[in-house]
Amino acid sequence: MEAGAALCPQCGALQPFDPSLSLFAILGLAEGFVIDPAALRSAALERLRAVHPDRFAQADGRTQRQSLEWTTRLNEAQAVLGDPLRRGDYLFSRHFGQSALGEEMGSLRDPEVLMRQMERREALEEAAAVRDQAALERLRAEAHAEEKQIEEQLAASFTAPEAGRIAPLLQEWQYLRKFLAEIDQYEERWDFA
Amino acid sequence: MALLQIAEPGQSTAPHEHRLAVGIDLGTTHSLVATIRSAQPAVLRDSQGRYLLPSVVQYRADGTVRVGEEARAEAAADPHNTIASVKRLMGRGAEELQTLAGALPYQVLAGEGMVRLQTVQGEKTPVEVSAEILRILRQRAEESLGGELTGAVITVPAYFDDAQRQATKDAARLAGINVLRLLAEPTAAAVAYGLDKGAEGLFAIYDLGGGTFDLSLLRLQKGVFEVLATAGDAALGGDDMDRLIAEQILAHFAEQGDSSPAWQRQVLLAARAIKERLSSLEEASVELVLPSGKAVQWHLRREQLESWIEPVIRRSFAPCRRALRDAHIRPEEIDGVVLVGGATRVPLLRRLVAELFGREPLCDIDPDQVVALGAAIQADALVGNQSDDLLLMDVLPLSLGLETMGGLVEKIIPRNTPIPVAKAQEFTTFKDGQTAMSIHVLQGEREKVEDNRSLARFSLRGIPPMTAGAARIRVTFQVDADGLLAVSAEEASTGVRAEVQVKPSYGLDDAAITRMLREAIAHGKEDIEQRRLAEARVEGERVREALDAALAQDGSLLQSDERAGIDAARAELLHALGGDSATAIDHAAEAVEKAAEVLVERRMNQAVRKAMAGHSIDEWSEK
């Protein structure tokens, strides 16, 4: 079983957790924006099987802690690399030393993008005011379509990474995510009302 | 002492050693235990062949505790000391009870922290009450498996928060059970289906128990059980249906009824009985004995029942839709819907769930058993009896957050994040030389602190004094595979570890658990001592009576010094019988028997002589 660095290749014993491994390295994946979701999943499952706390339910406290640390990190790797926005931002921070989505980076400045986001939000508020479920679905589909476009642009941009080109894309995507979360929240509020 | 041995988990043992492991479903209305027998999961039954143990505990005035059917039978007669549905109180504060179970027949004590119940045996926490149930299940398991348990997997509703999970684990600890894992109930059900029925694909597990509702969406694939999202309502269950029916009965007999707990209990039991009957019948009746002593019939048609309980069932749909949204799954993508929990036997529920998901739900495995069976499978895997690659990946059911300025909550780990998970957050000091700070951890989805569950307050001490804003305190929140939270803190610039003091809001702190454990140990010892003493007394009395009878009849056979020795030993025994040392009684009784040997011998000889008197030896040998 391929378990990466977590198990000793000779004796199969769980090794001390190595926090210096990147999220790509821990999964044995090449570092890059484009990832095959199936390969990511199988790499993660293979490693999780080997290090998961369920395998060490009877082990000593130290081994259990190591298992917990490896598994926690594998879960993080799967979550971050499995989401193209988080993957993009993780790669950005690997290249440029900080997240593109933190406060230090400032926010969206492109007036055209800002305008689009404002219009979108107005449309959402209008639809929400009259509980127009179909309009909500339409807005959600549009946002998903734009996410796809941004993902493609990011894939192209990461071939020769430039902070000034990548950061705005990630920030715009972050806006879209917040917008999608708002749609969910409206639906949830109606549901639980 | 075996009762409270909490195993220091040491890993490998001999490869063929079969370890005894069980799965326990600690339910609101019923609890049960299952294990793997000849490679098949099976529920364990009591001496009367029953596998469902009613989750009812009665504290009796004589100091004994009854659990299960016997306790339930007493519920109407002794409502204050008979605790039912205690699961609803786990990890809860007294102020939350209004929104939970409605009117509780037992006395709840006000105060901070976890609710306490007043019983004839003093104050009891829900943890202690649950431990009584678990103790019975542990006994049942050890008796039918013939050995001490290595450990158990105990199931909890997926939607249980940290305090409720911790309370469950504490209860197991009190019952002397080594908890291998806390497993979400729907995940357990999925394991049972996945392994038994070979189910693969996307599954929705709809679990409506007595007092809790969970909906989990899982991806099942070759031994991998991956929870994609879970949602629920920790205070919604079949009990709510019973209560609605009970309200109707109470209203119907408003004139003849009264407010006594006994009448209320009777009505509640009748409500449950008629609901169960209407799952297979179109109409049914129950008999009630009015407080006046008059017996009456109450009649109900299924149609009427359905109109009352439909709102309860519909309340479960909002969480269903939330889980689907969180997992980005459309209902039509689901390959199967599995029903779990006794309340899912209600025909209307099956119809409505089929409508919601657009497919007929599955219920091939007994919905009462399926959770315990799945837990047994995992328990067996966790102690290493199976080499199958079983991998369960669960999620955090409710977001974890911290209190920030203005009484708002900042989420640090969102709901439905796969566990185990860790998140580090940096804090800084706002005053020069500040050496301590306090952090309030909450669980829930709402924005305001008061709308979420308060899990704990941490105070960080031992921060090196620095100018305001210079200290960087990194607080790490780690959620383990049981869904339980642990916190550690470190000052990043100096590497000084800050001391974390945990004050669980509704849990029991370690000191309380230790005290309860000590009491349980003391009680256990006391019980054993008591039993030994009683046995020794019976035996001592038997020896004394036999001696007195022999002396009365044949005392004359003894010489005076022999008689004196026996009398001295007898006096010693009488003295010991008056005391409360079992060992002293045993020794004194032995001494009496020893001293009386001479008497026994003489009596034997005399008896033989009497029998042979007047006969010759020859005569005897010819016979």
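Q: Why is the largest cavity said to lie between domain 1 and domain 3 of chain B?
A: Domain 1 (18-236 + 316-393) and domain 3 (400-508) of chain B both give residues to its lining, so the largest cavity lies between them. The domain bounds come from an automatic or database domain assignment. This is a predicted model; local features need pLDDT of at least 70, side-chain atom pairs count only at pLDDT 80 or more, and totals for chains, interfaces and linings use all residues. Residues are numbered from 1 along each chain as its sequence is written, and chains are lettered from A in the order in which they are written.

Q: What makes a space a cavity?
A: On a 1 Å grid over the protein atoms alone, a cavity is a set of points where a 1.4 Å probe fits but cannot get out. By this rule there are 2 cavities of 30 Å³ or more.

Q: What volume does the largest cavity have?
A: About 130 Å³. A volume is the space filled by probe spheres set on the points, which are joined across faces, edges and corners.

Q: Which residues lie nearest the centre of the largest cavity?
A: B:Arg181, B:Leu182, B:Leu183, B:Asp394 and B:Ala481, out of 15 lining residues. Lining residues have an atom within 4 Å of a point.

Q: Which element gives the largest share of that lining?
A: S12(B), with 4 residues. Strands (E, at least two residues) are DSSP runs, numbered from the N terminus.

Q: What is the volume of the second largest cavity?
A: About 70 Å³. Its lining includes B:Leu26, B:Met90 and B:Phe160.

How values were computed. Side-chain values use heavy atoms; hydrogens and water are left out. On a 1 Å grid over the protein atoms alone, a cavity is a set of points where a 1.4 Å probe fits but cannot get out, and a pocket is an open set with protein on both sides within 12 Å along at least five of seven lines; lining residues have an atom within 4 Å of a point.
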